[in-house]
Amino acid sequence: MMNAAAFGEEYNDLMSAFQARLTDPVLGELFRRDGDVFFRRCALALWKEDGPLTQDHADLYNAMGRTVAVPPETLQSLADQMGPLREPPFWPRMKGTPDAAQAFLALLAQTLDLLVRAADSKSQAVQPYLDSLGGKAPIPAESPAPAGADNPRPQAEPEPEPTLEALLAELDDLCGLETVKADVRSLINLVKVRRLREEAGLPVPPMSLHLVFQGNPGTGKTTVARLLARLYKAIGVLSQGQLVEVDRSGLVAGYVGQTALKTQEVIQKALGGVLFLDEAYALAPQDNPNDFGREAIETLLKAMEDHRRDFIVIVAGYTGEMDRFIHSNPGLESRFNKYLTFADYDGQQLMEIFRSLCKKNGYTLTEEAGTRAAEGFLALYENRDENFGNARDVRNAFEKAIARQADRVAEMENPTREDLMTLTAGDLEAGGWS
């Protein structure tokens with residue numbers, strides 16, 4: 001059985017080399033999204049022929065693009081449900097591009113051989129499968145995979161893309177953040193007019209769409225970043241509009257040379273969308289100029305240049321720390337020149353967030369509970385310190401309140417629907433207010 005680290009390195013080299021050859025951006029996105037999943041299914045279809053799957057099989061499987069490790073018992077369950085090798089989901093489009101199709105068949109042969117060698121498999125299915133996919137015999141298209149780690153439920157019909165107006169209305173519905181909302185609208189208007197000038201053949205000045213979000217935790221930075229990614233897609237700036245959220249631990253490895261590879265993997269997932277880097281200042285600690293975070297920064301800067309027409313980075317964190325981070329590298333200063341400041345929520349806004357959580361989750365407040373909560377959130381805001389968590393504190397208070405309510409209702413012999421929904425002032429004592 002091959003060492004999982006060596007296997008993962010060889011597997012990733014094959015995938016990276018193939019992706020570098022794809023010139024069709026749609027094919028590239030399809031392969032990034034479905035490639036690892038397809039090859040993991042191939043692995044299960046081949047390995048299941050050799051008997052029970054072990055921890056060694058699980059280690060190999062988890063080296064194929066898995067972000068959450070699958071234990072052997074789960075892997076065995078997936079393998080038991082796996083049918084024969086099937087046509088990959090991206091193959092129909094790939095066949096329309098002969099060069100890509102030929103390159104993929106070569107990749108497929110190499111990867112299947114790697115899967116057999118790595119697991120010392122005795123499977124004889126590889127060559128017939130390659131012959132069938134190459135056109136010598138028909139092969140069934142891939143059917144929906146069984147429920148499991150890679151495909152927990154059948155794929156539903158895609159929902160219609162939201163309109164720009166609908167997304168802006170969603171922005172307006174966010175609690176507070178009035179300055180941020182105005183900044184986002186101004187940014188969207190600037191981009192729209194810029195694109196109109198391009199279409200009219202008019203000159204457009206250089207402009208960076210990368211952003212700095214500064215403010216305390218719980219002020220809606222991630223929510224706005226996700227919405228902004230969708231807005232950019234709606235106006236044609238981004239091709240996909242997904243948000244990939246990451247922090248230092250998702251970019252930095254423990255060995256020289258590994259950080260760039262780890263960062264590049266994250267970048268590949270974010271192409272066509274927004275990479276949201278939370279607590280970005282952790283990549284440039286003041287007390288360690290040789291920290292591996294510097295390598296991650298340089299890799300990000302290169303990607304921002306190489307993919308500047310379909311890749312946006314948003315860095316976020318505390319206001320003072322973000323200023324230091326941006327000024328730690330001239331490349332950051334030149335690419336991040338637009339700041340959005342997220343102010344703390346005041347007591348009234350905290351209460352509004354609390355009421356929205358209650359409504360969303362089917363709870364109602366008694367009059368006394370509403371007064372008690374409003375007073376509590378006002379005091380929480382007025383006495384805030386460096387540990388103040390804004391909306392996070394509201395969610396914590398809500399979760400404690402419903403736990404207290406559950407203890408109370410559970411003692412009732414026949415609770416009514418109203419009992420199940422009502423939060424009392426006593427339930428709110430769990431919120432931690434004095």
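A: Contact means heavy atoms within 4.5 Å. The model is predicted, so local features need pLDDT of at least 70, side-chain atom pairs count only at pLDDT 80 or more, and totals for chains, interfaces and linings use all residues. Residues are numbered from 1 along each chain as its sequence is written, and side-chain values use heavy atoms, without hydrogens and water.

Q: Which residues of H11 and H12 meet?
A: Thr-259, Ala-260, Thr-263, Gln-264 and Ile-267 in H11 meet Glu-295, Ala-296, Thr-299, Leu-300 and Ala-303 in H12. These contact residues divide into 5 nonpolar, 4 polar and 1 charged.

Q: Why is H11 called oblique to H12?
A: Helix H11 (residues 258–270) and helix H12 (residues 293–306) pack at about 40°, with axes 9 Å apart. Angles under 35 degrees count as roughly parallel, over 145 as roughly antiparallel, 65 to 115 as roughly perpendicular, and the rest as oblique. Therefore H11 is oblique to H12.

Q: What makes Leu-177 buried?
A: Buried means under 20% relative accessible area, exposed over 50%, partly exposed in between (1.4 Å probe, protein chains only). Leu-177 has 11%, so Leu-177 is buried. Leu-177 lies in the loop between helix H8 (164–172) and helix H9 (178–199). Its phi is positive, about 55°, although Leu-177 is not a glycine.

Q: Why is Asp-120 called partly exposed?
A: Its relative accessible area is 43%, so Asp-120 is partly exposed. Asp-120 sits in the loop between helix H6 (98–118) and helix H7 (126–136).

Key: Axes fitted to C-alpha atoms, helices over the stretch in contact; angles between N-to-C directions. Helix = DSSP H or I, 4+ residues; strand = E, 2+ residues; numbered from the N terminus. Nonpolar A, V, L, I, M, F, W, Y, C, P; charged D, E, K, R; others polar.
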